[in-house]
Amino acid sequence: MATATTAQSQDNAVYYHKPESEELNEGFNYLIVNPEKGGIMDLWRFMVRADIGSGAKFMESSEEGVIAGEATDHRWVILVSIIFRKVLHLIGKPLEYTGYGIDFFLNFLSQNDGLFGLLRNFMVGKVVIPQRGTETFISSIGHMDGRVELYKAKNLLEQVVDWVSAEGSVVEDSGNRALMDLCIMASKLAYENAKVVQNIVRHWKMHFVDFYDCWNDFQKENSTQVFILCDKPTDANLVLISFRGTEPFDADDWSTDFDYSWYEIPKLGKVHMGFLEALGLVNRANTTTFKYHLLKKNMNPSRSNAVDDPTSPSEGTESVSSKADSEIRDHSSDSEGPVIPPEMVRKSAYYAVRKKLRSLLREHKNAKFVVTGHSLGGALAVLFPSVLVLHEENEIMQRLLGVYTFGQPRIGNMQLAKFMEAQLEHPVPKYFRVVYCNDLVPRLPCDDKSFLSKHFGVCLYYDSFYNEQFFTSWRSSSLRLKLAQPIFSIQFDSN
């Protein structure tokens, strides 16, 4: 069991979590903000009196000085996080039931051809009752924007293939318009159930690969959805991975966006803890599991990058379950870490997608892959290649064509931004963020002297009239000249 050690900071008692093994978490710092640990009076004293001891009751850390420093310097950001997450916890179930009701009502009307169609069906006794999870049940996101057709669909695949095959720059090539549109539609499609996704992908005349409903061990539910498609079933040129974003009536998704908790990884920087959990890496209730899954030396050191991870069998190896269980237990005993159930590993979004991606890239020798997502899905879309880099998956990363996110929150601090810029900047920009001016989510967590969370990559910013502006953090003068003209010219239809 973990013990609590007391430190004094300006006459206030500040508590931090001391791991069972100091060696196990050496170099890995973390801060967990838990709104349920403190009471209303603690929150009031922390807000009004700036009482650090009261604020510390909401926090847990690996280092003695972290809580005192965070509670003092970052007090208002932590307060906002605690208050929002407490409110979301209170309204979580009512919000969920409201979402169910709205989804049912919208599908009830649409499947009965509107109000007049409903009256007609009622008169003849043929009222259609929508069934969740079927190919005709559309999400509220899909009802708000019912478009499914791709931009210039007839020659879209040719444009994408030409661009993937081209040696030129992402900026200079004209095919990017088609790929950007495909990513927009795929990010929207990720909000639908598996049967709807499969139907739409086939409507696009592309190859549906798989749909994953992955486990978040902290939330104890399947809350991370992602699907994969190829441009064609054989000899594919493009593999696209799309993560689902923040569902409007899911309090847990919104709580993840507002979470202040972070985990600091040597060389990589501070990473948003909630996003790591959404990828299945893994559970703040046992912080040693983060280090186990994020250290390269724990990621099957005896096997090359080109070989499947513990979640997949290879020729001449043991079964999935026994192999995974054996490797996990061996590493756990070596590092005094926890024994991680292989079932949880197989359900992890990161491992499931990496396994399938590795298989697809072997099968389609000329294919490159794109990762995309909206809102929370955008954060997972850029975090996925970040962890691939951390795990030194060089062969996979060499086949990365681009990362396109829409309304994405920040995933970490400046150190993380600089680390990933070095990976996604050369030889051409590969990471593009699309931001709408009135969207709150890209402003989370706060970008100021408090959290120091930072965006990175190329930003395509649209004002309320959909005029495009371009921003980049790159300092190269030659690259600035290449990016002087608008990269994309996207027109949003009002239909």
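## A guided tour of the model

Start by selecting Val-127, which sits in the loop between helix 5 and helix 6 (140–144). Helices (H or I, at least four residues) and strands (E, at least two) are DSSP runs, numbered from the N terminus. Val-127 counts as partly exposed because its relative accessibility is 31%; buried means under 20% relative accessible area, exposed over 50%, and partly exposed in between (1.4 Å probe, protein chains only).

A word on what you are viewing: this is a predicted model, where local features need pLDDT of at least 70, side-chain atom pairs count only at pLDDT 80 or more, and totals for chains, interfaces and linings use all residues. Residues are numbered from 1 along each chain as its sequence is written, and side-chain values use heavy atoms, with hydrogens and water left out.

**Now go to Val-196.** You will find Val-196 in helix 9 (residues 194–203). Is Val-196 buried or exposed? Val-196 counts as buried, because its relative accessibility is 5%. Leaving aside residues up to four places away in sequence, Val-196 touches Thr-134, Glu-135, Phe-137, Ile-138 and Leu-189; contact means heavy atoms within 4.5 Å. Try the distance to Ser-139 too: C-alpha to C-alpha, Val-196 and Ser-139 are 9.7 Å apart in space, yet 57 residues apart in sequence.

**Select helix 10 (residues 251–258).** Helix 10 is mostly covered, with 6 of its 8 residues buried. Among them are Asp-253, Thr-256 and Phe-258. What do the buried residues of helix 10 pack against? Show helix 4 (75–111), strand 9 (269–272), helix 11 (273–278) and helix 16 to see these partners.

**Last stop: a helix crossing.** The axes of helix 15 (residues 349–363) and helix 16 (residues 376–390), lines fitted to C-alpha atoms over the stretch in contact, come within 11 Å and cross at roughly 75°. Here Tyr-350, Val-353, Arg-354 and Leu-357 in helix 15 meet Phe-384, Val-387 and Leu-388 in helix 16.

**Zoom out.** The protein chain has 19 helices and 14 strands, and buried residues make up 55% of its 495 residues.

Key:
Axes fitted to C-alpha atoms, helices over the stretch in contact; angles between N-to-C directions.
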